[in-house]
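Biologist: I am new to this structure. Please show it to me, and then I will ask how its labels were reached.

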Amino acid sequence: MSAALRVEALSKSYGELQALRDVSFELAPGELAAVLGPNGAGKTTLLSILAGAQQASSGSVSVPARDVGWAPQQPALYSKLTVAENLELFARLERVGDPRASVAAMLAQSGLQERAGELLANLSGGNRQRVNVAIALIGDPPVLALDEPSASLDPAQRERLWEFVAGLARGGTTVIFSTHGPGEAQRHADRVLVLDAGRLTFDGAPAALIAAAGGGGQDLERALVCFLAASEAPTDPVP
Amino acid sequence: MISLLRKDLLILRRSRLTVALLVLYPVAIALLIGFALSRSPGKPHVAVVDETPPGQTVQIGGRQVSVSAYVDGLFAGVQASRVRTRAQATAEVRSAKVIAAVVIPPDIVSKVSSDTLQAEVEVIYNGNALEQSLVSSQLRSALAEANLGFSEQIQRAAAQVIAVLLHGGNLGALGAPSSFVGLEHLPAVLERVIARTPPGRERSSLEEVAGFASFAAQNLGLSRRVLTSIGQPIKIRTTLLDGRRTPLDTFAVVVAVTISMMFLAVLLAAGGVALEREEHALARLIRGLVPRELLLAEKILLSAACAFAVGLAMLAGIGAFVPLDWSRIGQWLAALACGGLAFGALGVAIGALAREVRAASLLAFLLSLPLAFLALVPAGAVGRGFYDAIGVISFVFPFKAALQALDAAVNGARPALPGAVAHLLVLGVAFAALGRLGLRRAS
């Protein structure tokens, strides 16, 4: 099967600081991959380069930025517009064929029909994040990049989000998401990519990471901590 | 572009307080500045104590000049209220009912009439340094006017006396003959006498007297003309080197409109760009959905359109009270449009450099207000080096160019509209490029 997303030798530097170092991986259609790593590992940088929000210093991404749906870490929405107006704006900017129909579909998918006329400023953090993810999906992109999508959601909302994302993956959408919750990755991801100081130090199934950590347990969080401690990644800081 | 414009208009519609402040604040500031510019300083309210006896006059030959002429001259230059005593005047100044008091002492006539003493009036004032400076300046001007008027009357009386001495007539002075021959007639009379006088010492003496009388008559005539001319020794003749005279009222209108447009467009454009960052939407927009140039162009157009509408409304509104030449409306529209675009471009440059709306608004405000004041500093009001520096600053920011464009459009002033418009467009492109540079690392 051909790769839906191919990343080759991706590097990004901010002056002297190396945020990403020669990162390469491939994702198959419908694959759900989690990017793990400590703060400053380069997770957000990787996803924003995939989305075209930043330019890589070197390397390549096989999918054009317009074909990547992107939900940034902080909801990128207009608080003085309603939920529906936000969705419609980005639907029009994405040049979706029927923006209103697309908005209706996204409202239904995200369960926000009853909030459609509410200003973003009046929504909870969780609902804003749902709108943020819905906007990422509005152009029906083949690849979805979600930067800590469950960060401000309560447990019920998280479950709903992951059900929704899993449904997209089953439908053939390739999903790559970053998270600080290894448990989430263990439950929902097919693949785990571990970044440490800008280097891709692990690429494989969650169970393989547990095995690689040599802990003998079933807890991905503990395995990740052991793995990072054992790895000999360079320690220079990245933003 | 249309989607972005629609979005920004929706946001503006829901930010009524912000929009109201954006429009009303600059209009209020502009009208205050315009009002201050269009009004000359008012006459100071001054108490006047005239301690001279009623009807007292200064005697010049047989002519009399009333001291009331001096008081009347003083009254013309101030808002005067008469009080009877110096103590009352001092009390009025202390209680701030008047800004100052002028005391005309009883000996003013004797001193003016004397050959050796200079007459004095006393000025009493109070208040802080600024008030003292204002009072001092305005009163000096009023007193100078009164002095000038009084001295003109004295000169006129003196000239009349000289005229009688020269041409003959009745001087009217105590002890003077009822009728003079007149100095200019003496040479002819003496010539006739000399003709009948045989040669000798007596005739020689008469010829000397006739020669002196002729010389004296010529010089007395000259001194009369000199006396008349020193009443106003130097007249002012004005020559305008460039442009035409712009009435202060219509110039104030232009200043008010330009200031309003600048605040509105700069704040709106700066806030609009900064809002995209603050809402974290900028990174989402520029990742291929909207080119940065288009985003900046949209902000510039929106802010320029709003500034244009407010500027035109102000001109139309003020035009009901101040006569404006409506036949030049085509030029007004060109100046308003180009001014709005240049201010919008300055705004996006500020917005692109600032990271949040508050910082952008503060920066826009801090930059705009001094720019307006600097552009209004007249030549000669400050040192040459400072004025040159002001000139450079005013040249690289759009306020002065917009002011000149609108002044040319509304009042036909120089420099002409095409030059000012071209200047605005160049500045607009430069600031838009700066804004684009500021968005380079937008994410």
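Biologist: Where in chain A does A:E148 lie?

Modeller: A:E148 lies in the loop between strand 6 (143–147) and helix 5 (155–170) of chain A. Helices (H or I, at least four residues) and strands (E, at least two) are DSSP runs, numbered from the N terminus. This is a predicted model, in which local features need pLDDT of at least 70 and side-chain atom pairs count only at pLDDT 80 or more, while totals for chains, interfaces and linings use all residues. Residues are numbered from 1 along each chain as its sequence is written, and chains are lettered from A and ligands numbered from 1 in the order in which they are written.

Biologist: Why does A:E148 count as buried?

Modeller: A residue is buried if 20 or more other C-beta atoms lie within 10 Å of its own, exposed if 12 or fewer, and partly exposed in between, with C-beta atoms placed from the backbone. A:E148 has 21 C-beta neighbours inside 10 Å, so it counts as buried. Its phi is near 45 degrees, a positive value in a residue other than glycine.

Biologist: What makes A:D22 partly exposed?

Modeller: A:D22 has 14 C-beta neighbours inside 10 Å and therefore counts as partly exposed. A:D22 lies in strand 2 of chain A, and it too is not a glycine but has a positive phi, of about 55 degrees. Most residues other than glycine have a negative phi.

Biologist: How do you know that strand 1 of chain A pairs with strand 2 of chain A?

Modeller: Two strands pair if DSSP finds at least two bridges between them. Seven bridges join strand 1 (residues 5–14) to strand 2 (residues 17–27) of chain A, and the two run antiparallel. A:L5 stands opposite A:L27 in strand 2 of chain A. The hairpin of these strands has two residues between them, and A:G15 there takes a positive phi near 65 degrees.

Biologist: How many bridges link strand 1 of chain A to strand 4 of chain A?

Modeller: Three bridges, in the antiparallel sense, link strand 1 to strand 4 (residues 58–61) of chain A. A:E8 has A:S60 of strand 4 of chain A as its bridge partner.

Biologist: Why is helix 12 of chain B called oblique to helix 13 of chain B?

Modeller: Helix 12 (residues 329–353) and helix 13 (residues 357–375) of chain B pack at an angle of about 135 degrees, with their axes 9 Å apart. Angles under 35 degrees count as roughly parallel, over 145 as roughly antiparallel, 65 to 115 as roughly perpendicular and the rest as oblique. The angle therefore makes helix 12 of chain B oblique to helix 13 of chain B.

Methods
Axes fitted to C-alpha atoms, helices over the stretch in contact; angles between N-to-C directions.
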